[in-house]
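This report looks at charged side chains that pair with each other.

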Amino acid sequence: MSSMKKTCSCRQTRKCLTKCQFSPLKDQLEQLTRSPPGRASASLRKPAAVFIICLAACRHFKHLSEVCDSALVSNLPPSSFRSSSQLSSSHAPGFAKLNRRDGAGGWSPLTSDRYQWLEVSLGERTKITAVATQGRYGSSDWLTSYLLMFSDTGHNWKQYRQEDSTGSFPGNSNADSVVQYKLQQPAIARFLRLIPLDWNPNGRIGLRLETYGCPYTSDVVSLDGGSSSLVYRLSPGPRRTSRDVISLKFKTLRNSGTLLHAEGEGGRSLSLELERGKLQLLLRQASSPPSRTSSPEPRRLASLGSLLDDQHWHHLAVERRSSHLNLTVDKHTERVQIPAEFSHWDVEQLSVGAVLDLRSQKPVVSKRNFHGCLENLLYNGLNLIELAKHNDHQVAVVGNVTFSCAEPVSVAVTFPGPQSFLQLPGTTASSSAGISVEFQFRTWNKAGLLLTFMLPQEGGVVWLHLSEARLRLQIHKAGRALLELSAGSALNDGQWHSVELSSRRGRLTIAVDKEEGGVAHDSSSVTAGSQLFFGGCPPEDDSQECTNPFNIFQGCMRLLSVENQPVDLIMVQQRLLGNYSQLQIDMCGIIDRCSPSRCEHGGHCSQSWTVFHCNCSDSGYSGATCHSSVYEQSCEAYKHNGNTSGHFYIDVDGSGPIKPQLVYCNMTEENTWMVIQHNNTELTRVHLSPGGHQHLVHFDYSSEEEQLLAAISQSEHCEQELSYQCKKSRLLNTPDGSPLSWWLGGPGPGRVQTYWGGAQPGSQQCACGLQGDCVDPQHYCNCDADRVEWAEDSGLLIHKESLPVRSLVLGDLQRPGSEAAYRVGPLRCHGDKNFWNAAFFDKETSYLHFPTFHGELSADISFLFKTTASSGVFLENLGIKDFIRIELSSSTQVLFSFDVGNGPLEVRVESSAPLNDNRWHRVRAERNVKEASLRLDELPAATQEAPADGHFHLQLNSQLFIGGTASRQKGFRGCIRSLQLNGVTLDLEERARITPGVRPGCPGHCSSYGSFCQNQGRCVERANGFHCDCSLSAYTGVFCHTGWVWGDQLSRQKTWLCITIIPA
């Protein structure tokens, strides 16, 4: 059996074959693995036979798992097809099979409009991987675009979306060719529905189709929300596993409930609970003393997902590592740090659907228990539902548990707007004494009409609508308000809210969420007219029975009832009851555009039905998605904006993940210095505590770790003063060679450094040792002379790999008469390697190339250029269809263009002055899922909105061209500098050194920045930048702009100062 185990686990194989109902090996393996000893046939008791069956089964199942593209529709009977209508019996939906010519050669509905649909029942839940369409044979009838919907029950349809946004699929261009679309994510469903959106304008809707996939089976369990649950008790004994994995699928109509509760040693537990349709990861510590009735307030570690109460399957996975969890909901994963005490925490019991007390083994009574269905519940590879089915002793079944998924039928209707409305018959003569209307709704909009009707006797109108996310009832007559009531608040939260409107016996009532959300009364009586209008009004209502002075409603409704009679929305869909326009019936098409949030850098996401908005206040970033930093990346950049010394926020990686940091920019010297302080930059006397042998000092910097390291990395030079004043206190050199004192510097906690300021790394010397002028020539530090007089060793630490100084350890302080003081100065850096990184393109055919640019969802590009040419491409990257390009399209215009699959989009900025003036000009382009923007110098930004329902992934695959193009367009001739893509600087100079026709660097900055030099200051060119020479000016400062200069400066200029005193 040992050889068999190396190849395949028989227990896993049996599980696989149980799912694979058509496997010829299933019966044999079932007999082998489940028959009592002595009951199986002799041939099957042999290890070799076991091995052969297992091996064949493994190979068979592996083959099945890799191939999932079988045709699913071609062999279905006509009864598996339904449609909204059919043009004739020969155009019936059963003829809609790919490449078939039966009947009229496909399906065509009676009327060609967007209310038609074709539905296919696959018989059982099936994995669907692709869809193919074809027009009706021998006709002018075909679709050019359509929607795909899936369902397990034939109700509660879910629209399939590409990339979470694009809803429509491309169709055909003629009646015969086949267009196949492979689904990016396979769909699991029993029913498929195709809804035509557009068709050949010279024909009508015509369709043949095929879907591809493979069988899908699973283990399912249904929990009733009471005390029903599954409880898995792990075997006692130490496990100390470093990794646990739990995965499952779930579906529910309730927005709250406990899915999983893992309890372990010490009473500590982790729970996964639904709260308002979001999944919460909660941590609970043990109560002290233990109590069955109460537990400590849980700590929320993470929140993920949204709208999880939509009665559709959602995937959940939790992977526990030693120090963190990976929590996945559907396609989104979040890494969650867990407290240290959980790093070696073993699960003792796993409760599913409810919490079972570990001590008493009784369910904890809670209205928050899970009500719904679970599928494929796996714990470390063990199928817990399968174990429960077979009465495994490790899995206990508690309460009312069924091993199927009995789903309630709830028909919703979506009002996408702007012409959406639902018209239903009003009250009958027998109910003339009042009205009773109930329904539930969910929306993201703060305002919108929910219900309106006329008052037949009074001649007035009733409006029930949302305003500022509150429910308001208004009754008007002859343009005058007779009554206003309001109830509820924050009703635009995407949750289902119930509404009751009733008028009986002279009392008018509106209630929200069964009075929990608010109720309002009035001693009035109203009676509805013959028609009720939900969500909006018909565009042309000649009878004036419906007027809407408010916004239209965009959202979902369900459970409508009039006079306590439920409204059959399927009859509405079939045009057998009421009337409607632009509704999506039997589905709720709500989308949470803020989950996951597209707002970057901590921006707050809010949304309406159609769009989301990012509030970037206090984030330090701007733009539609808070992508671009509002700060410069260095003090050097602030100087070249004309700023003088002061405190500034710098964002070293632009739009990258590193937060902005506050630094001091000292621009009074020739170099522009960035100064980062720590908690102790003063000269500090050392007092050793009694019994101590060393004095340890730790330095906390005003910047965070990643900010520090990035600032040091991008600077040309960094330094930090390190000083030690001593009196009978040695520093580094000892007879045995071990230093008495040292410091730690560099990344993280730092590495031990045994040299002092002014010396070289690893030298175990001070500056005087390097210069040969120590007070005692036998030592390499002044303090190592061990004299009773005060001495000093000080100097600058200039090796960036060892900066900043993290801590200081001083060791020779315990002897009588020993005294010392130290000083560690602030970190000072100058020069910005990125800001001056440039390349000169001297031909239109020259270019640099870099790896493919990856900016799928957000892309920002910034650079400076100067040229004398009137046009040329700065940057281009191509994909199969997508592309991104920035170019100088004329001497006064910069053009930013791209295509993400919705067709080319262009953003232009026009300058009133020529751009080919051989001066530096700054370009900043950004593209995200909401919009594209382009800025040129300080001109107003130009923007273009992205389509609300379209592709948004930028998919590129070629090399990135700089200064040239792969599409044979005119290249750029001139200089490009400081080119950054998503905050990362491209090293143009390094690539230019090895590229013919391109030179590194680009001199000539005074033409652009010389105007900063004021008061007769003279601009002096430098390799990287410029300098203002103030020797001929009466002013000083970085721009010769501050203060009068007296004394020597005036005498050098031979300037006389005359002061005339005028007597009073």
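## R908 and E906

R908 and E906 form a salt bridge, with 2.7 Å between their closest N and O atoms. A salt bridge here is a side-chain nitrogen of Lys or Arg within 4 Å of a carboxyl oxygen of Asp or Glu. R908 has a relative accessible area of 40%, so it is partly exposed, and E906, at 37%, is partly exposed too. Buried stands for under 20% relative accessible area, exposed for over 50%, and partly exposed for values in between (1.4 Å probe, protein chains only).

Salt bridges with shared partners also join R125, D152, K251, E375 and E407 into one network.

## Basis of the values

The model is predicted: local features need pLDDT of at least 70, side-chain atom pairs count only at pLDDT 80 or more, and totals for chains, interfaces and linings use all residues. Residues are numbered from 1 along each chain as its sequence is written, and side-chain values use heavy atoms, leaving out hydrogens and water.

## Pairs across the chain

Over the whole structure, a search finds 32 salt bridges. One of them joins the side chains of D244 and R320, at 2.7 Å from N to O. D244 is in strand β11 (residues 244–252) and R320 in strand β16 (residues 314–320), 76 residues apart. Strands are DSSP runs of E, at least two residues, numbered from the N terminus. Both D244 and R320 are buried.

D842 and R999 form another salt bridge, their closest N and O atoms 3.7 Å apart. Because D842 lies in the loop between β55 (838–841) and β56 (848–850) and R999 in strand β68 (residues 998–1000), the pair ties together parts 157 residues apart in sequence. D842 is partly exposed at 29% relative accessibility, and R999 is partly exposed at 45%.

Notes: Helix = DSSP H or I, 4+ residues; strand = E, 2+ residues; numbered from the N terminus.
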